[in-house]
Amino acid sequence: MQIGVPKEIKSQEFRVGLTPEAVGELTANGHSLYVETGAGQGIDASDEHYQQAGANILPHAEAVFSTAELIVKVKEPQPSECDLLGPQHILFTYLHLAPDKALTDALMNSGATCIAYETVTDDQGRLPLLRPMSQVAGRLSAQAGAQALESIFGGRGLLMGGVPGVMPARVTVIGGGVVGQNAIQIALGMGAEVTVLDRSPEVLERLSHQFGPALKTLYATGSSLEGAVLDSDLVISAVLVSGAGAPKLVTRDMVKRMNSGAVLVDVAIDQGGCFETSQPTTHADPTYVMDGVVHYCVANMPGAVPRTSTQALTNATLPHVLSLADQGWREALRADSNLRNGLNVTDGVLTCVPVAQSQGRNA
Ligand code: NAD
């Protein structure tokens, strides 16, 4: 199959859909690879690296889209990329359509077959293509929160771990899945006092077992959540309702009553965010202060560490890229119900039920 890798054009996005190593695997399996010039710049992979792996280098995105059938990307297509999509394309990338009706319409109008990384499942019903980026975002969320607590960023002027004789920062993590577990690991490693809230007793038991008494666990109810948030220096949102928008768990009223200079890191912002006061931000300008509280709401956090992120992502996507390319999308999806769950749009129809429900449409 003809496989295309355009350069990512979303603001401050330095990852790329396939590493040169992954391109080598695909060419070794008989596929033709078309990579946009400079696509690997952000991970220090030059055009020559891709050529040595067997790829053809093309001068711009238009050339990649007009040559390739399977387009492998990282972020959702931007408007100029949507204009290049047609019924001949299979798009394999993160889409996060639930909060984005305009993009959903654009993809339906394109006629392309769009398979979203974030709704592909594994045999346990987990989301294996979200997992590596969730690991990265979770670890980064504690780092970003620690930095935002510094006075020059508007924070309370607290060091996460304190020092001997001085109390550490109090960190609350809402949601103890992949992001939450990784955020907890780094925040505890920095010496913070950490509490996690989740709706799942099994998740709380697993985390309690993993981290021991250093971690406080709380079942998430409206009042336990409010108490923990108001008592915190840093709150990290790490909630997911599969394929749907994030629930607004922290209201503006709660934010107004938080400690002045406290920090909110809304990792779930890519699904609309868990704080009523959240607005998406970019790496170029990641924080803003509202009601005296610092908000960090970067929707593509792993883009800050593109080398780690691209390698981790490609490790997870490559087997699926291979099966789409080897078998064609219809046969690959027929043979693999987990990959089939990734199908969001095809032939002008929205096929992902949770996305359709969250937009009030039929699937
Ligand atoms: P996950 O499914 O592993 O974990 C989600 C957890 O949230 C689960 O343990 C679930 O029980 C819990 N939960 C659900 N509803 C809850 C509620 N009302 N109160 C408390 N807990 C609740 O998901 P994940 O991979 O950890 O992803 C978490 C979020 O981070 C998602 O929204 C994902 O899209 C987002 N994310 C963002 C970025 C970014 O760059 N901003 C990167 C990766 C992931």
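## Largest pocket

In this predicted model, helix H6 (131-148), helix H7 (178-189), strand E8 (193-198), helix H8 (201-211) and helix H9 (222-230) each contribute at least two residues to the lining of the largest pocket. H6 supplies the largest share of that lining, 4 residues. The volume of the largest pocket is about 1100 Å³.

In total, 45 residues line the largest pocket, and Gly-177, Val-178, Ala-238, Val-239 and Leu-240 lie nearest its centre. The lining of the largest pocket divides into 25 nonpolar, 12 polar and 8 charged residues. Because domain 1 (2-120 + 305-358) and domain 2 (131-304) both give residues to this lining, the largest pocket lies between them.

## Second largest pocket

The second largest pocket holds about 290 Å³ of space. Its lining comprises 16 residues, and those nearest the centre are Lys-10, Glu-76, Asp-270, Pro-280 and Ala-299. By class, 5 residues of the lining of the second largest pocket are nonpolar, 6 are polar and 5 are charged. Domain 1 (2-120 + 305-358) and domain 2 (131-304) each provide at least three residues of the lining of the second largest pocket.

Strand E10 (residues 234-237) is covered on both faces. Leu-234 and Ile-236 are buried on one side, and Val-235 and Ser-237 are buried on the other.

E10 pairs with strand E7 (residues 170-174) in the parallel sense, over 4 bridges. Within this part of the structure, Ile-236 of E10 is the bridge partner of Val-173. E10 also pairs with strand E11 (residues 263-266), in the parallel sense and over 4 bridges. Here the bridge partner of Leu-234 is Val-263 in E11.

## Nonpolar cores

The largest nonpolar core has 40 residues, of which Ile-3, Leu-18, Leu-70, Phe-92, Ile-115 and Leu-324 touch the most other members. Two or more residues of this core come from each of strand E1 (2-5), helix H1 (20-28), strand E2 (32-36), strand E4 (70-72), strand E5 (90-93), helix H11 (306-327) and helix H12 (329-335). H11 gives the most to this core, with 7 residues.

Definitions and conventions
Residues numbered from 1 in each chain as written. Predicted model: local features only at pLDDT ≥ 70, side-chain atom pairs only at ≥ 80, totals over all residues. Heavy atoms only, no water. Core = buried A, V, L, I, M, F, W, Y, C linked by side-chain atoms within 4.5 Å. Buried < 20%, exposed > 50% of the residue type's maximum accessible area, 1.4 Å probe, protein only. 1 Å grid on protein atoms, 1.4 Å probe; cavity = no way out; pocket = protein on both sides within 12 Å on 5 of 7 lines; lining within 4 Å. Points joined across faces, edges and corners; volume = space filled by probe spheres on them. Nonpolar A, V, L, I, M, F, W, Y, C, P; charged D, E, K, R; others polar. Domains from an automatic or database assignment. Pairing = 2+ DSSP bridges.
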